Amino acid sequence: MNSPDPLVDEPSSTRHGLKVALLATPFLLAALALSPIASRALPAVPQVSGLFGLVVGSSELLTAFLLASIAAGHRPRWLVRLTCAYLFSGAMALLHALTFPGAMLPAGSVLGTTETVAWLYVTWQVGFSGLLLLSASTAVREYSRGMPSSGGSLRVAVPATLVGTFVAFAAARWMPWPAYFAPGGTGFGLWAKVGGGATIALSLVTTVVVWRHRRICSRLVVWLALVAAVTGAGFALGLVGGARYSAGWYASRALVAAGSAMVLIVLLHELLRSRRALRTAAARLGEQAQALQAEVHRRERAERMFVQAQKLEAVGQLAGGVAHDFNNLLQVMRLRLELLRRQAPPESQPHVAILRDTVGRAERLTSHLLSLTGRRSLTPEVLDVGTWLPRHAKVLSALVRDDVRIEIDVDPDVGRVHVDGGELEAALLNLVSNARDAMPSGGRVVVSAKARPPSDGDAAIVFTVSDEGEGIEPEVLDRLGEPFFTTKEPGKGTGLGLAQVHALARRSGGSVTIESRPGAGTAVSIVLPRARAASPDAPASGTPGRAEPAAGRGALIMIVDDNAEVGRATGALLEQAGYTVTLVESAREALERLAAGTRPRAVVSDVVMGGGMDGIALARRMRERHPELPVILCTGYSASSDQARDEGFTVLAKPYEAQSLEAALRAALDGGRVAAEAQPH
Ligand code: ADP
Ligand code: MG
């Protein structure tokens with residue numbers, strides 16, 4: 001494939017054409033101005049010819065070399081011919097200096113005779129302008145067909161040119177020319193005139209051809225028009241002057257030398273220009289490569305996040321499905337255990353306590369899985385961090401070994417946050433246990449809560465757990481928060497800790513930042529928006545107390561649950577607490593019972609139930625038909641609990657404590673009685 005070369009492929013513009021014309025003008029004007037005095041004889045300085053030959057020779061050989069070095073790989077034919085023209089001209093110029101009598105040596109020439117130089121000069125000029133025309137016309141032909149071909153090869157052309165040069169020299173040097181052709185003879189004069197005329201004619205044709213096609217040709221070709229014009233003008237001046245050492249003779253050499261030097265300068269200038277262009281292009285390419293790399297990184301990150309989201313979704317679906325059934329089982333156990341606790345003799349109480357703890361752990365596991373994926377129903381409350389955090393210091397310190405010191409750093413007036421307290425506690429426990437694991441040989445863990453300075457954004461409270469542990473390697477840092485990502489041995493890590501922390505922050509409108517220096521420690525911060533005021537409905541936190549005597553003893557409570565086990569356990573608990581209970585297994589059945597005249601004092605209903613109608617729909621229907629009837633909804637799902645709460649229903653998050661149900665029922669019956677009493681009979 002051909003890669004473009006600015007020097008060969010960049011077309012000449014109008015501006016460039018003007019520049020060339022402007023540069024040619026002084027040469028042509030000088031030639032014109034000198035023509036009236038061209039024949040004036042001046043002192044003979046043969047060294048001028050030596051100097052002329054050397055300057056032109058070296059300049060044209062260098063030009064040939066530069067031309068040969070550009071566009072390697074896809075050299076168009078015209079460029080090869082141009083290179084040969086310059087190679088020929090350069091070699092002939094040097095031979096001219098070597099053969100001109102008195103040019104290099106005080107007397108005579110280095111090579112050849114007086115005849116040699118005369119013949120050589122004319123051959124040189126005719127040959128050069130002829131090759132120039134050949135190259136120019138090839139260029140015009142190639143460019144008018146579109147891009148120039150890449151069929152040119154120097155491998156044949158250069159040796160052929162050198163052979164041609166040698167033949168021209170040999171002919172001039174060794175040919176036994178008859179006297180007719182000797183310098184001063186008529187034949188020679190004729191040759192000089194015809195050669196001179198041909199040079200002028202060829203140069204003129206070249207100039208015209210190139211100039212006419214300058215818009216299609218490359219800049220380099222257009223420069224040829226200038227060279228040809230200057231060479232032609234120089235020759236015309238020489239021809240007008242005629243004799244050696246005339247003003248025209250000197251001026252012609254000066255013009256040709258200047259023209260040849262100018263081509264070299266132009267070529268160097270163009271080469272530097274294309275080098276600059278190349279550099280700019282390389283720099284741009286570098287920038288683009290960088291941008292591309294950044295884009296690749298961005299995409300990789302997005303892809304990782306997508307995979308993470310998919311994993312979360314899959315885990316969530318699994319967890320959601322399992323948790324529903326699991327919560328029902330746990331609910332039964334919890335309620336039955338509570339009954340057992342109330343009835344069992346004192347010596348059995350320790351066993352019950354252990355069972356209750358175990359059920360609690362199982363519940364935490366389920367809720368952990370659910371909260372990771374945003375499916376656990378959160379119970380946000382307004383926590384006064386200044387008092388909340390010190391209260392939980394004991395739980396946090398229970399987690400660490402003796403060689404780990406734990407410090408709590410909190411200002412009592414730090415402020416409040418609106419968050420699920422249990423989840424926040426779980427998050428801090430996760431962070432502290434990570435800190436502990438990061439310090440196998442002990443150290444200090446600081447748990448702090450600070451108000452974020454207002455300059456850093458909205459009012460927020462930043463919980464930070466920092467350790468002096470081994471830190472986190474950058475490649476691990478990228479993956480933190482991915483569920484199930486752990487660097488710990490099997491059995492030691494689940495890879496769910498930071499995922500829970502992230503999920504909590506996300507669901508509470510906050511964020512997580514992790515700063516770590518390998519070998520120096522880690523600080524993980526949870527930033528939570530600051531709450532303005534204390535929540536009016538903040539539940540009293542504390543250990544579940546003993547069951548208090550039920551309000552409305554003997555009152556009929558309707559329990560709606562499609563899981564018969566849960567329904568029976570709930571019923572047993574409430575009966576034990578002194579209520580009368582009626583069990584139904586679907587929302588429709590509940591409505592039918594009401595329609596048939598059953599009059600419960602309150603309804604406790606599951607939310608997610610089969611049978612085409614869920615607990616929320618049932619509660620709505622009851623609110624319409626029996627506005628005085630309190631409904632308590634129970635659910636393990638976040639979405640449904642949020643919705644039910646939004647509609648103003650009392651919601652218990654499953655699995656709930658027996659005491660929570662009793663308390664909710666008491667509150668509902670009290671409210672109901674007030675409402676009932678307020679109604680006129
Ligand atoms: P687990 O603790 O079960 O491995 P986490 O989600 O809590 O899962 O943590 C994930 C990983 O993050 C850990 O395995 C550990 O490599 C790294 N990590 C978390 N916290 C720290 C910490 N404080 N210091 C060093 N590495 C940590
Ligand atoms: Mg952990």
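This is a predicted model: local features need pLDDT of at least 70, side-chain atom pairs count only at pLDDT 80 or more; totals for chains, interfaces and linings use all residues.
Q: Within what distance do the axes of H7 and H8 come, and is their crossing left-handed or right-handed?
A: The two axes come within 8 Å. The crossing of H7 and H8 is left-handed.

Q: Which residues of H7 and H8 meet?
A: On the H7 side they are Ala192, Lys193, Gly196, Gly197, Thr199, Ile200, Ser203, Thr206, Thr207, Val210 and Trp211. On the H8 side they are Val221, Val222, Ala225, Ala228, Ala229, Thr231, Gly232, Phe235, Ala236 and Leu239. By class, this contact of H7 with H8 has twelve nonpolar, eight polar and one charged residues.

Q: How are helix H9 and helix H16 placed, roughly parallel or roughly antiparallel?
A: Angles under 35 degrees count as roughly parallel. The axes of H9 (residues 247-343) and H16 (residues 564-576) cross at roughly 25 degrees and come within 9 Å. H9 and H16 are therefore roughly parallel to each other. Their crossing is left-handed.

Q: Which residues make the contact of H9 with H16, and how do they divide by class?
A: Asn328, Gln331, Val332, Leu335, Arg336, Glu338, Leu339, Arg342 and Gln343 are the residues in H9. They meet Glu565, Val566, Arg568, Ala569, Thr570, Ala572, Leu573 and Gln576 in H16. The residues of this contact divide into seven nonpolar, five polar and five charged.

Q: Why do residues three or four places apart in an α-helix point the same way?
A: There are 3.6 residues a turn in an α-helix, so residues at that spacing point the same way.

Q: How many residues of helix H15 are buried, and which are they?
A: H15 (residues 497-507) is mostly covered, with eight of its eleven residues buried. They are Gly497, Leu498, Ala499, Gln500, Val501, Ala503, Leu504 and Ala505. H15 is followed by Gly509, which has a positive phi, near 75 degrees.

Q: What describes a pair of aromatic rings?
A: The distance of the centres and the angle of the planes describe such a pair. Rings pair if their centres lie within 6.5 Å, and by this rule the count comes to ten aromatic pairs. In one of them, Tyr121 and Phe235 have ring centres 5.9 Å apart and planes at 15 degrees, so the pair is stacked. This pair links distant parts of the chain, 114 residues apart: Tyr121 lies in helix H5 (residues 114-144) and Phe235 in H8.

Q: Are Tyr121 and Phe235 buried or exposed?
A: Buried means under 20% relative accessible area. Tyr121 counts as buried because its relative accessibility is 11%. Phe235 counts as buried at 9%. The ring pair of Phe169 and Trp174 has its centres 5.7 Å apart and its planes at 80 degrees, so this pair is edge-to-face. Phe169 counts as buried at 7% relative accessibility.

Q: Which residues do ring pairs link into a cluster?
A: The cluster consists of Phe52, Tyr121, Trp124 and Phe235. Phe235 is also among the H8 residues that meet H7.

Q: Where does Ser605 lie, and what does Ser605 touch?
A: Ser605 is in strand S10 (residues 602-606) and is buried, with a relative accessible area of 1%. Not counting residues up to four places away in sequence, Ser605 touches Val560, Gly615, Leu618, Ile632, Leu633 and Cys634.

Q: Where is Ser448, and which residues is Ser448 in contact with?
A: Ser448 has its place in strand S4 (residues 443-451) and counts as buried at 10% relative accessibility. Leaving aside neighbours within four places in sequence, Ser448 is in contact with Leu389, Asp409, Val462, Phe463 and Thr464.

Q: Which residues does a cis peptide bond join, and what is omega there?
A: The bond joins Lys654 and Pro655, with omega about -10 degrees. Pro655 is found in the loop between strand S12 (650-653) and helix H20 (658-678).

Methods: Residues are numbered from 1 along each chain as its sequence is written. Chains are lettered from A and ligands numbered from 1 in the order in which they are written. Side-chain values use heavy atoms; hydrogens and water are left out. Buried means under 20% relative accessible area, exposed over 50%, partly exposed in between (1.4 Å probe, protein chains only). Helices (H or I, at least four residues) and strands (E, at least two) are DSSP runs, numbered from the N terminus. Axes are lines fitted to C-alpha atoms, for helices over the stretch in contact, and angles run from 0 to 180 degrees between N-to-C directions. Angles under 35 degrees count as roughly parallel, over 145 as roughly antiparallel, 65 to 115 as roughly perpendicular and the rest as oblique. A crossing is left-handed if the near helix is turned anticlockwise from the far one by less than a right angle, and right-handed if clockwise. Contact means heavy atoms within 4.5 Å. Ala, Val, Leu, Ile, Met, Phe, Trp, Tyr, Cys and Pro count as nonpolar, Asp, Glu, Lys and Arg as charged, and the others, Gly among them, as polar. Rings of Phe, Tyr and Trp (its six-membered ring) pair if their centres lie within 6.5 Å; planes under 30 degrees apart count as stacked, over 60 as edge-to-face and the rest as tilted.
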